[in-house]
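Subject: A structure for you to look at

Hello,

Here is the structure I promised to hand over. Have a look at it first, and then read on for what turned up in it.

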Amino acid sequence: MSDHPEFHSLRRAQRRFGARATILSVGGFLLYVLLSSFVPAVMNQPLFGHLTIGLTLGLGQFVIMGVTAWCYVRHMRTRVDPLARGLRSRQYENENRRRPSAPPQGAGQPVQPGARGFRTW
């Protein structure tokens, strides 16, 4: 299965999105921390009343995480899940082809007293 081209495509799609999501999330947080540390005068600039640029950017972290989660769900639903379903059905078909259609083990044999799973009184 791991040699199948669709499997490689699936892994590539997951990795590509993971890299982008990580850069967006960590980059946004790192930008906020760096601005807070090195330019506190800018972060303390008021926007409206007591709302400052720093507070707005801090609240923006929740927006970034929400957007990242939404993009993740959308990406998985549209790109990764169809590939995974196709691979799963192909795997299921291959497993069914490999299995011989022999009757289940023990079929047609009489049940012995004291056999496994049966009580004798």
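Let me begin with the buried residues of helix H3: Gly-54, Gly-58, Gly-60, Gln-61, Thr-68, His-75, Met-76, Val-80, Gly-86 and Leu-87. The elements that cover these buried residues include H1, helix H2 (40-43) and strand S2 (51-52). Please keep in mind that this is a predicted model.

Starting at the N terminus, the order of the elements is α-α-β-β-α. The protein has 121 residues, of which 15% count as buried. Among the contacts with a separation of 6 or more, 59% come from residues 24 or more positions apart.

Now for the way the helices lie. Helix H1 covers residues 5-38 and helix H3 covers residues 53-98; their axes come within 10 Å and cross at roughly 175°. An angle over 145 degrees counts as roughly antiparallel, so H1 is roughly antiparallel to H3. Sorted by class, the residues in the contact of H1 with H3 are 19 nonpolar, nine polar and two charged.

I also looked at the length of each helix. H3 has 46 residues, and at 1.5 Å a residue they should span 68 Å; the C-alpha atoms at its ends are 64 Å apart, which agrees. Along the way, H3 has a kink of about 45° at Val-80, shortly before the proline Pro-82. Val-80 is also one of the buried residues of H3.

On the H1 side, the buried residues are Leu-10, Ala-13, Phe-17, Ala-21, Ser-25 and Gly-28. What do the buried residues of H1 pack against? They pack against H3.

Ser-25 sits in helix H1. Its relative accessible area is 13%, and because buried means under 20%, Ser-25 counts as buried. Apart from its neighbours within four places in sequence, Ser-25 is in contact with Ile-64, Met-65 and Thr-68. Thr-68 is itself among the buried residues of H3.

One more residue deserves a visit: Ile-53, which belongs to helix H3. Is Ile-53 buried or partly exposed? With a relative accessible area of 25%, Ile-53 is partly exposed. Leaving out neighbours within four places in sequence, Ile-53 is in contact with Val-42, Met-43, Gln-45 and Leu-47. Take Val-42 as an example: Val-42 and Ile-53 are eleven residues apart in sequence, and their C-alpha atoms are 7.2 Å apart in space.

Enjoy looking around, and write back with any questions.

Best wishes

Key: Residues are numbered from 1 along each chain as its sequence is written. This is a predicted model: local features need pLDDT of at least 70, side-chain atom pairs count only at pLDDT 80 or more; totals for chains, interfaces and linings use all residues. Side-chain values use heavy atoms; hydrogens and water are left out. Axes are lines fitted to C-alpha atoms, for helices over the stretch in contact, and angles run from 0 to 180 degrees between N-to-C directions. Helices (H or I, at least four residues) and strands (E, at least two) are DSSP runs, numbered from the N terminus. Angles under 35 degrees count as roughly parallel, over 145 as roughly antiparallel, 65 to 115 as roughly perpendicular and the rest as oblique. Ala, Val, Leu, Ile, Met, Phe, Trp, Tyr, Cys and Pro count as nonpolar, Asp, Glu, Lys and Arg as charged, and the others, Gly among them, as polar. The expected span of a helix is 1.5 Å times one less than its number of residues. The bend at a residue is the angle between axes fitted to the seven residues ending there and the seven starting there. Buried means under 20% relative accessible area, exposed over 50%, partly exposed in between (1.4 Å probe, protein chains only). Contact means heavy atoms within 4.5 Å.
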